[in-house]
Amino acid sequence: LHVRSRRQRQMCIRDRRSFGEIAALTKRATRGAGYAWGACEDASAATEWLSRYGLPGVDVLSQALSTRAQPPMARVTIGEPWTAADGTHICPLMAGAALTDHIRHAADDGGITILGLRSPLLTVGCVGVFGEAIDRCYQLEWNEIQIEVGRERCLIKGDALDLSNSSTDKFKCTKIDAAPPHDIPLCPARPSIAAAHWSHLEQLASQTYAPATVASRLSGAGPGDG
């Protein structure tokens, strides 16, 4: 007899949320996890982008924010792999920001390689947003999967199980020449999201709320004293 844990049961419960709700909560949750506002904007845009293409954006952001460790990136050297200074796996939001800063070099020396990356799908979202903004296409690779993004494009090749990897030892970004696909996949206006992941982001977002006081409650922010 297989008995599911409480966590497993929660993961089976799914809610539908609008893209606006996703963008708003993910931005505040990332702030609650201790990131600067710039990274919060990136997280919100990347998560919404992934969700619009039917990918588990909320799930992977929840995964990435489950640890507050934000290892610093080593100096970026074009033509050489990037690594975290302390030998751990790089934060996907930091990697996404660095890639968009140096992505013009993704066509040189066979692309840009990152050795050690957490939640790689979130970095894909960052590059996808950037690629569409500048009308360029990029191929992202890790483990047994390849994803082409940019120019209204999100084509996945390989084992879909690798999409939600919590980390990878090797991630590669390469510039490619590709036209927008004729058939762009459509995602429901209210994607289905695991309740446990949504609840985790709500808990992080609550860290940004101002603490309640008697004065604030009496002024209308909450129920006043009887």
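The protein chain contains 8 helices and 9 strands. The structure is a predicted model. Of the 226 residues in the protein chain, 44% are buried. Contacts between residues at least 6 apart in sequence were also examined, and 68% of these join residues at least 24 apart. The protein chain exposes about 11,600 Å², of which carbon and sulfur atoms supply 50%.

Across the whole structure, the search returns 2 aromatic pairs. One of these is formed by W49 and Y53, whose rings lie 4.8 Å apart, centre to centre, with 50 degrees between the planes.

W142 and F171 form a stacked pair, with a centre-to-centre separation of 5.7 Å and planes 25 degrees apart. The stacked label applies because the angle between the planes is under 30 degrees. This pair links distant parts of the chain, as the two residues are 29 residues apart. W142 belongs to strand 4, which covers residues 137–142, and F171 belongs to strand 8, which covers residues 171–176. Burial again extends to both members of the pair: W142 has a relative accessible area of 2%, and F171 has a relative accessible area of 0%.

A contact between a charge and a ring involves R52 and F19. The charged end of R52 sits over the ring of F19, at 4.1 Å from the ring centre.

The cysteines were then examined for disulfides. The count comes to 0 disulfides. For C126, the nearest cysteine sulfur is that of C91, at a distance of 8.8 Å. C126 is therefore in no disulfide, since a disulfide requires sulfur atoms within 2.5 Å. C126 is buried, with a relative accessible area of 9%. C154 likewise counts as buried, at 9% relative accessibility.

Note on methods: Residues are numbered from 1 along each chain as its sequence is written. This is a predicted model: local features need pLDDT of at least 70, side-chain atom pairs count only at pLDDT 80 or more; totals for chains, interfaces and linings use all residues. Side-chain values use heavy atoms; hydrogens and water are left out. Rings of Phe, Tyr and Trp (its six-membered ring) pair if their centres lie within 6.5 Å; planes under 30 degrees apart count as stacked, over 60 as edge-to-face and the rest as tilted. Helices (H or I, at least four residues) and strands (E, at least two) are DSSP runs, numbered from the N terminus. Buried means under 20% relative accessible area, exposed over 50%, partly exposed in between (1.4 Å probe, protein chains only). A charge sits over a ring if NZ of Lys or CZ of Arg is within 6 Å of the ring centre and within 35 degrees of the ring normal. Contact means heavy atoms within 4.5 Å. Accessible areas come from the Shrake-Rupley method with a 1.4 Å probe; for residues, only the protein chains shown count as cover.
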